[in-house]
Amino acid sequence: MSITLNALLKSPWVFHLSSGSCNNCDIEVLDCLTPRFDVERFGIKLAGSIRHADVLLVTGSCNRKSSARIRKIYEDHVPRPCVVVAIGECSLSRGLFIDSYNCPLPLDRIIPVNVYIPGCPPKPEAIIAGVVKLIQRLKASV
Amino acid sequence: MAKTIIPIGPFHPLQEEPEYFSLTVEGETVVDVDVELGYNHRGIEKLSESKTYDQVPFVVERICGICSTSHPYAYVKAVEDISGCTIPERAEYIRTIIAEGERIHSHLLWLGLAGHFLGYNTVYMWVWKLREEILDVMEILSGNRNNYAMFKPGGVRRDIREEDIPFVIKKIDSIVKTLDMLKKAILDDPVLHARLKGIGILKREDAIDYSALGPTSRASGVAKDVRKDAPYGAYDKVEWKMIVTEKGDVFDKVVVRVLEVFESISIMKSCLLSLPKGPIDANLADIVPGEGIGVHEAPRGETFHYVRSDGSNRPTRHKVRAPTFMNLPTCKSTVIGAAIADAAIILASIDPCYCCTERLAVCRIDGKRMMNGGELIRLSVEKTEKLKKEMGRR
Ligand code: SF4
């Protein structure tokens, strides 16, 4: 296993990207960091900058304005290896906003997505379970 | 002195939503501020015209996760305004209980984030831990942590079970105890006094001129609250007082919000104790042609909904105005002249909510370089550290 991947699996730093969400998913992501759920137990930390992130947590129904930015961030700014987690119905399939004129594509048509966490919003337990599954899968793949 | 533009955003850890601020600074002082929105626009008003009256509450609930009661509340009031029906008393009480629960969790959420911006992560962690308790209460009452789905035109969707009430009351009493301790810890802290007093002052006249709403205006001495001015729900049936402070600085905004949480808890408790018996739904008949207006005092200020009906089963026009739309321009008068290290907390002090505000998208993609707000938070944290050192505290 490469040293970067090993380090990534021990302590994945996440960056949270909201692409036009209703805030609930974002709040549940932040909730995971606070004492009741406390994901720092698993070494998961919220990174202050995209350039420090190993995992991108994307929430929201990518609208026309933010999808261009998201593609740019994914292609130019995030260090590799990088995994993408789609959180919430909005980023999975656009959910309620599927008919909206401003949400043309779901997230996985914009950037590749590794893990999907459904729910509107998913409970913090679901988010943690999703990230843990991601770590297990990465471990199995190397 | 040369002017520098500091871009913040659109994706940054400062707020959980995407928005883009550009601060023009001269040395340490902010001389201009501009904001670019549109990263959150999802076409809700248009969507809601394609849904039936009964489905729209689910759409407006998802305007904003924090205000997932305020928007449905204002919307159902607008529809009831068209049809002119009266709502069963029990439904009014249940609506009030849910709305106040939301206010508690929203104010606590803001308080935590404000602590985080100042480098007081202890406050952030404590307050959010406390917030979980109120989310538990909401889960018991509505079945959901966030999107409560309680509202429907004519009443509420779900009744409150008698056997849940003692548990809920016990839980909110325990919240009061912890909150009391927190209130003393936060409001008596000399570092926070030094840090927050006298910055970002919104003068009374400015608050009136900008038509600021909610805690932003009440902190500047403008006593404005829909719950008092045009009582609805159960707000005129229970005792509570409006919190108004005079100075309008960031500290006063903290004080208003903290004290409002106590008021909300007492409203919630008296409503639960005097919950009348009876039906919870007026079973609205078809909506007649006409137009209606609904207002509700959301945690951030007055939310306004306008609905026009042509007699069919869906609205022909639905307009939403969220409080942040009125509060955001006040940044022009509060941030300008402040030091950059204070900009983060002043911008945050109106408790902005962009996903509520973005009803209209104007796209302008210019070639400015995007950076993140980590730098600003760092400055803010450093200032707190410096003050702590000067005051001989750790
Ligand atoms: S999935 Fe639901 S909770 Fe999450 S951003 Fe979308 S509407 Fe909001």
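This is a predicted model: local features need pLDDT of at least 70, side-chain atom pairs count only at pLDDT 80 or more; totals for chains, interfaces and linings use all residues.
**Entry 1: A:Asp38**

I began with A:Asp38 and found this residue in the loop between α2 and β2 of chain A. Phi of A:Asp38 is near 45 degrees, which is a positive value in a residue other than glycine.

**Entry 2: the sheet of chain A**

Next I looked up the strand order in chain A. The five strands form an open sheet, and I read the order as β2-β1-β3-β4-β5. The pairing in this sheet is parallel. At the edges I noted β2 (45-46) and β5 (115-117) of chain A, each of which pairs on one side only.

I then followed one pair of strands. Strand β4 of chain A, residues 83-87, pairs with β5(A) in the parallel sense, and I noted three bridges for the two. Which residue of β5(A) does A:Ala86 stand opposite? I found A:Tyr116 in that place.

**Entry 3: a cis peptide bond**

I stayed in chain A and checked the loop between β5 and α5, where A:Pro121 lies. The peptide bond that joins A:Cys120 and A:Pro121 is cis. I wrote down omega as about -10 degrees.

**Entry 4: the sheet of chain B**

In chain B I looked up an open sheet of three strands, in the order β6-β7-β8. Is the pairing parallel or antiparallel? I read it as antiparallel. The edge strands are β6 (290-298) and β8 (317-321) of chain B, and each pairs on one side only. Neighbouring strands of this sheet are turned against each other by 10 degrees on average, direction ignored.

One residue I looked up here was B:Phe304, whose bridge partner in β8(B) is B:Arg321.

Here too I looked for a helix on the strands. Helix α3 of chain B, residues 70-83, lies across β6, β7 and β8 of chain B. I noted that this helix runs at about 150 degrees to β6(B).

**Entry 5: the interface of chain A and chain B**

I turned to the contact between the chains. How many residues does the contact take from each chain? I noted 40 residues from chain A and 48 residues from chain B. The area buried between chain A and chain B is about 3600 Å², and carbon and sulfur atoms give 59% of it.

I then went through the polar side of the interface. The count between chain A and chain B is seven salt bridges. I looked up the salt bridge of B:Glu133 with A:Arg36, where the closest N and O atoms are 3.7 Å apart. Seven residue pairs are in polar contact across the interface of chain A and chain B, both residues at pLDDT 80 or more.

Last, I checked what chain A brings to the side that touches chain B. The elements of chain A that give two or more residues to this side are β1 (13-18), α2 (24-31) and α3 (64-77). The largest share, six residues, comes from α2(A). By class, I noted 17 nonpolar, 15 polar and eight charged residues on the side of chain A that touches chain B.

Methods
Residues are numbered from 1 along each chain as its sequence is written. Chains are lettered from A and ligands numbered from 1 in the order in which they are written. Side-chain values use heavy atoms; hydrogens and water are left out. Contact means heavy atoms within 4.5 Å. Buried area is the accessible area (1.4 Å probe) that two parts lose on being put together, summed over both. A salt bridge is a side-chain nitrogen of Lys or Arg within 4 Å of a carboxyl oxygen of Asp or Glu. A polar contact is a pair of N or O atoms within 3.5 Å; within protein, one must be able to donate a hydrogen and the other to accept it, and residues adjacent in sequence count only if both atoms are side-chain atoms. Helices (H or I, at least four residues) and strands (E, at least two) are DSSP runs, numbered from the N terminus. Ala, Val, Leu, Ile, Met, Phe, Trp, Tyr, Cys and Pro count as nonpolar, Asp, Glu, Lys and Arg as charged, and the others, Gly among them, as polar. Two strands pair if DSSP finds at least two bridges between them. Axes are lines fitted to C-alpha atoms, for helices over the stretch in contact, and angles run from 0 to 180 degrees between N-to-C directions.
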